[in-house]
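Visitor: Could you walk me through this one? I'd like to start with the charged side chains.

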Amino acid sequence: MRYEIAGKLAEPIACHCSQCTRTSGNFAAMAACRSEDIRLIASSTLTWYRSSPNVERGFLFALRRQSFLEGSAHTTSLKA
C-alpha cells in the first residue's frame with residue numbers, strides 16, 4: 001500500500017464512534033485531506049466497502065486494518 005498526498009492534512013482527530021471502535025479495538029486516530037489530493041500508487045491489497053449511505057471504508061485485509069475513510073464531504077481520512 002502506497003499513496004501520495006498533494007494538499008494539506010487537517011489536524012488529527014480521535015474518533016470514538018462505534019464503527020471506528022470496532023475496527024480499531026479502541027478509538028481511531030485520523031487526519032483528513034481533500035479526496036482529490038490523495039493518489040493511491042499501490043493499492044492492490046486495499047478493499048473498499050460502504051459502511052453507511054455517506055461513508056466508504058478502505059481496509060487492508062492482509063493486515064486486518066482499516067486505513068481510509070471517505071465521506072460525503074469530499075474528504076478522505078487516513079488512519080494513523
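This is a predicted model: local features need pLDDT of at least 70, side-chain atom pairs count only at pLDDT 80 or more; totals for chains, interfaces and linings use all residues.

Visitor: What is the relative accessible area of Arg-34?
Guide: Arg-34 has a relative accessible area of 46%, which makes this residue partly exposed. For the labels, buried is under 20% relative accessible area, exposed is over 50%, and partly exposed lies in between, using a 1.4 Å probe and protein chains only.

Visitor: Good. Back to Arg-34: which residue does Arg-34 form a salt bridge with?
Guide: The partner is Glu-36, and the closest N and O atoms of the pair are 3.5 Å apart. The rule asks for a side-chain nitrogen of Lys or Arg within 4 Å of a carboxyl oxygen of Asp or Glu. Glu-36 counts as exposed, at 54% relative accessibility. Through shared partners, salt bridges join Arg-34, Glu-36 and Asp-37 into one network.

Visitor: And how many salt bridges does the rule give?
Guide: The count comes to four. One of them is between the side chains of Glu-4 and Arg-39, at 2.9 Å from N to O. Glu-4 is in strand β1 (residues 2–5) and Arg-39 is in strand β4, so this pair ties together parts that are 35 residues apart in sequence.

Visitor: Which residue does Glu-56 meet in a salt bridge?
Guide: That would be Arg-50, with 3.9 Å from N to O. Glu-56 is partly exposed, at 24% relative accessibility.

Visitor: Let's zoom out. What pattern does the protein chain follow?
Guide: Along the sequence, the order is β-β-α-β-β-β-β-β-β, which comes to one helix and eight strands. These are DSSP runs numbered from the N terminus: H or I for helices, with at least four residues, and E for strands, with at least two.

Visitor: Which strands pair with β3?
Guide: Strand β2 (residues 13–15) runs antiparallel to strand β3 (residues 28–34), with three bridges between them. Strand β8 (residues 75–79) is also antiparallel to β3, joined by five bridges. Two strands pair if DSSP finds at least two bridges between them. Across these pairings, Cys-15 stands opposite Ala-28 in β3, and Met-30 stands opposite Lys-79 in β8.

Visitor: New topic: where is Ile-38?
Guide: Ile-38 sits in strand β4 (residues 38–42), and is buried because its relative accessible area is 16%. Ile-38 and Ile-5 are 33 residues apart in sequence, with 4.5 Å between their C-alpha atoms.

Visitor: And Ser-51, what does Ser-51 touch?
Guide: Leaving out residues up to four places away in sequence, Ser-51 touches Gln-19 and Arg-57. A contact means heavy atoms within 4.5 Å. Ser-51 lies in strand β5 and is buried, with a relative accessible area of 18%. The C-alpha atoms of Ser-51 and Gln-19 are 8.5 Å apart, for a pair separated by 32 residues along the chain.

Visitor: How much of the contact set comes from residues 24 or more positions apart?
Guide: In the protein chain, they account for 47% of the contacts with a separation of 6 or more.

Visitor: Which residues make the nonpolar surface patch?
Guide: Met-1, Tyr-3, Leu-40 and Trp-48 make the patch, at about 330 Å². Patch residues have over 30% relative accessible area and no salt bridge; like charges are joined within 9 Å, and nonpolar side chains (Val, Leu, Ile, Met, Phe, Trp, Tyr) within 5 Å. Trp-48 is placed in strand β5 (residues 46–52) and is partly exposed at 31%.

Notes
Residues are numbered from 1 along each chain as its sequence is written. Side-chain values use heavy atoms; hydrogens and water are left out. Accessible areas come from the Shrake-Rupley method with a 1.4 Å probe; for residues, only the protein chains shown count as cover.
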